Amino acid sequence: MDLGEQDREGQTRVTAFREGMQKLGWIEGRNVTYEYRWTAGNPAVMERYAAELVALKPEVIMNGGLPTLIAMQRQTRTTPIVFAQVLDPVGAGFVDSLMRPGGIVTGFVSFEYTLTQIAPQVKRIGGVRDLASPSEMGMLGAIQAVLPAFSMPFTIVGGRDAAEFERAIEIFAREPNGGIIVLPSPNTLVHRHVIMESAARHRLPAIYPYAFFAREGGLTSYGIVPSDNFRRAAGYVDRILKGEKAGELPVQVPTKFEFVINLKTAKALGLTVPDKLLVAADELIE
């Protein structure tokens, strides 16, 4: 897992995976054993834990995201790996194609590239990204492709840890009429409270990649339901345990998305959410 053990979202994802496995007949302590490693986005810890897990000779490795997948691939070329969320597995070189992955890796894509705007006064956009991770390049390209239609300049607001994110957002906020798009990666998740607090302090409207950001105080979010990917991934682990090859299981795209608006945060920022967005939202937080 690329999150920490005490992270509520991380526990939600693991619970969804275990529930999915249980529905398929895999009962912990009876016919399946799980070994967990929580990395909290720390690259050195990822490498150490990847080596530990491979040494245990598991039948399948269930993987949280891109950085842990990279660490796992450095340790094994034979153990099947199922990833729950990677932005662009073909572009990153993990699979040959979505339909025919080849090799030992398959799993579930974490995003379709969609952009939503909620604050009409925004005239420039900052993309908050993890400088330690290459996983957002496809999403950055999609954002940059559509922004010319809105005549908005786009700036990378990068960081690797809490202090760097805080500093980068502060610098971006020095000019008026800014808004930020937070891209998904382990470090933007691990340091999400610092990012959200910095956005609030500088009165920057922001859209986040997952619903739990908005539920924890972010303005709005649009993206997949990560726990749904983890639950679906149980089906692939089940099939591999029963003899199928990971490289013959197509990589799947997301099927469930959520649009969440935090009306308390909107009010604090002095924003009036248009009725059409209120109707379109899957969840309103008041």
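Trainee: Which residue in S2 does Met62 stand opposite?

Mentor: Val82. Keep in mind that this is a predicted model.

Trainee: What makes S1 and S2 a pair?

Mentor: Pairing takes at least two bridges. Strand S1 (residues 61-63) and S2 have three, in the parallel sense. That meets the cut-off, so they pair. Between them the chain passes through helix H3 (residues 66-75), and this β-α-β crossover is right-handed.

Trainee: How do you know that S2 also pairs with S3?

Mentor: Count the bridges again. Four join S2 to strand S3 (residues 105-109), and the two run parallel. Phe83 stands opposite Gly107 in S3.

Trainee: Why is strand S2 called largely enclosed?

Mentor: Six of the six residues of S2 (residues 81-86) are buried, so the rest of the structure largely encloses this strand.

Trainee: Why is Phe230 called buried?

Mentor: Buried means under 20% relative accessible area. Phe230 has 2%, so Phe230 counts as buried. Phe230 lies in helix H9 (residues 226-241). Its contacts include Met62, Ala84 and Gln85. Ala16 is another contact. Phe230 and Ala16 are 214 residues apart in sequence, yet 6.0 Å apart in space, C-alpha to C-alpha.

Trainee: Why is Leu131 called partly exposed?

Mentor: The label covers values between the 20% and 50% cut-offs. Leu131 has 38%, so Leu131 counts as partly exposed. Leu131 sits in the loop between strand S4 (124-130) and helix H4 (137-146).

Trainee: Which residues does Leu131 touch, leaving out those up to four places away in sequence?

Mentor: Gly158, Gly159 and Arg160.

Conventions:
Residues are numbered from 1 along each chain as its sequence is written. This is a predicted model: local features need pLDDT of at least 70, side-chain atom pairs count only at pLDDT 80 or more; totals for chains, interfaces and linings use all residues. Side-chain values use heavy atoms; hydrogens and water are left out. Buried means under 20% relative accessible area, exposed over 50%, partly exposed in between (1.4 Å probe, protein chains only). Contact means heavy atoms within 4.5 Å. A crossover is right-handed if, with the strands pointing away from the viewer, the path from the first strand over the helix to the second runs clockwise.
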